[in-house]
Amino acid sequence: MKKLDATNLLCPMPVIRTQDKVITMAPGEKLEITCTDPGALHDIPAWCRINGHRLVSTEERDKKILIIIQVGGP
Amino acid sequence: MKQSQANNLNQPHKAIALISGGLDSLLAAKVMIEQGIHVEGINFYTGFCVEGHTHAIRNQDKKKQKRNNALWVAEQLGIKLHIVDVIDEYKDVLTNPKHGYGANLNPCLDCKGFMVRKAHEWIIKHNFDFIVTGEVIGQRPMSQRKETMPVIARESGANDLLLRPLCAQFLPETLPERNGWVDRKQLLAFSGRNRKPQMALANEFGFQDYAQPAGGCCFLTDASYAKKLGDLWQARGNKNYDLDDIMLLKVGRHIRPSENIKIIIARDEGETNFLSGYRKRFTSLQATSHTGPLALIDGDASEANIRLAAQLTARYGKGRDAEQVTFEILAASGLKHELAVSPLPKDNIPADWFI
């Protein structure tokens, strides 16, 4: 699974970094994003829904937010 | 310009719509979708965009909605949204605006031209046919006037590929209209600052919930923010900035006792948490003897300046009436030391130190 560090970034930067990372990935691959902005819990799932990617899980741990997504088809 | 294969393959023509997250761009995109156009959204992030998350740093704003309105609009419309980071490119727009600033440091006309130019570059790269914006004649004093509409179209390079569905009846025909991709008769004739026509159209489309019906999506239009940005430029002697600089201007009390030092003091726990992310960039102060806010020193962290910063910061903590408050001082290098100071009396803080 690929990883992306988006800590200390305020939205929409975590979404932009996710978007830019996903472009380099193949359908079916998974990406774990680490964030600190709670807004990412809303925005990254919304971004996945409108762009055809799958939200696998979200978790809050030690003041950090871990979001796993799976890249959708083209 | 290369156009999409829409005609040959009997597929819809394709437009990119600038989506701010407000009502006008929502409606403009919807009007195009209703005409059978394939619409995707584009949103440019300059770093100055007002978003719920920025407000949500503060404790008092924790309950505010945290959604990103551009994403929300795209979801309502059922379209893709491309969010583009233009922070670096935007610096030239902000620091050298050809058409000058509005009431504060808002270069609205240059900004709109820049965004349409970026959208034009995008449609060329992605083989789309035209650009849609939610502009309405007379709605904004600087960028949305009848005289400035052609300026934006011309200077962006988009020319007649730029369609403004909400006020198209007042404007010359664009290529999508001339070619019959879009039916001009179904386009609108909105003008002025009255929002009732937009609200009626939103109702007609079934949109009950939409953001900021009167606009206002940029910190550069805010007098207090613009003052802090002007101060930053003056202190540096140039107009350079990075994303951290412009984020920090949104947070805390900004106090400048002299040209070579600015102290940023958190106003609550939420801001303390946010500012603590910058402890590797600035010297920071945190009271250890009493509860109190985190402060950062931007500038010369000399012994005298650290002492002054501690006295000021003590003023805003629970130890404000104590004889002494002890601080942990953490340098950006990671070196720590303790310092005990007397809080600065309120009357000893000159009003002109506050930015």
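# A walk through a predicted two-chain complex

In chain B, residues 24 or more positions apart account for 65% of the contacts with a separation of 6 or more. Two residues are in contact if their C-beta atoms, placed from the backbone, lie within 7 Å. This is a predicted model: local features need a pLDDT of at least 70, side-chain atom pairs count only at pLDDT 80 or more, and totals for chains, interfaces and linings use all residues. Residues are numbered from 1 along each chain as its sequence is written, while chains are lettered from A and ligands numbered from 1 in the order in which they are written.

Start with confidence. The predictor gives the complex an ipTM of 0.92 and a pTM of 0.89. Chain B averages a pLDDT of 90, and 91% of its residues score at least 70. Here pLDDT is the predictor's confidence in each residue, from 0 to 100. Where pLDDT is low, the predicted coordinates should not be read in detail.

Now the outline of chain B. Its C-alpha trace spans about 80 × 40 × 35 Å along the principal axes. Its secondary structure comes to 12 helices and 11 strands. Helices (H or I, at least four residues) and strands (E, at least two) are DSSP runs, numbered from the N terminus. Of the 355 residues of chain B, 43% count as buried. A residue is buried if 20 or more other C-beta atoms lie within 10 Å of its own, exposed if 12 or fewer, and partly exposed in between, with C-beta atoms placed from the backbone.

Next, a sheet in chain B. Five strands form an open sheet in the order β3-β2-β1-β4-β5, with parallel pairing. β3 (81-85) and β5 of chain B stand at the edges, each with a single partner strand, so one side of each is left without a neighbour in the sheet. Two strands pair if DSSP finds at least two bridges between them. Strand β1 (residues 14-18) of chain B and strand β4 (residues 130-132) of chain B pair in the parallel sense over three bridges. B:Ile16 stands opposite B:Ile131 in β4(B).

Move to helix α1 (residues 23-34) of chain B, which holds B:Lys30. Why does B:Lys30 count as buried? Because 24 other C-beta atoms lie within 10 Å of B:Lys30. B:Lys30 touches B:Leu77 and B:Phe205, not counting residues up to four places away in sequence. B:Lys30 and B:Phe205 are 175 residues apart in sequence, but 8.3 Å apart in space, C-alpha to C-alpha.

Further along is helix α11 (residues 269-276) of chain B. Its buried residues are B:Glu271, B:Thr272, B:Phe274 and B:Leu275. Seen down the axis of α11(B), they fall within an arc of 165°, so they line one face of the helix. The arc is that of the directions from the helix axis to the C-beta atoms. These buried residues pack against β7 (261-265) and β9 (294-299) of chain B.

One loop residue of chain B has a backbone angle to check. B:Asn159 has a positive phi of about 50° although it is not a glycine. B:Asn159 is found in the loop between α6 (148-156) and β5 (162-163) of chain B. With 14 C-beta neighbours inside 10 Å, B:Asn159 counts as partly exposed.

Turn to chain A. Strand β1 (residues 2-6) and strand β2 (residues 30-35) of chain A pair in the parallel sense over five bridges. A:Ala6 stands opposite A:Cys35 in β2(A). β1(A), helix α1 (residues 13-22) of chain A and β2(A) make a right-handed β-α-β unit. A crossover is right-handed if, with the strands pointing away from the viewer, the path from the first strand over the helix to the second runs clockwise.

The loop between β1 and α1 of chain A contains A:Pro12. The peptide bond from A:Cys11 to A:Pro12 is cis, with omega near 15°. A:Lys63 has a positive phi of about 65° although it is not a glycine. A:Lys63 is found in the loop between β3 (54-61) and β4 (64-70) of chain A. A:Lys63 is exposed, with 8 other C-beta atoms within 10 Å.

Finally, the interface. 17 residues of chain A are in contact with 19 residues of chain B. On the chain A side, the elements that give two or more residues are α1 and α2 (40-51). Which element gives the most to that side? α2(A) does, with seven residues. The residues of the chain A side divide into nine nonpolar, five polar and three charged. Ala, Val, Leu, Ile, Met, Phe, Trp, Tyr, Cys and Pro count as nonpolar, Asp, Glu, Lys and Arg as charged, and the others, Gly among them, as polar.
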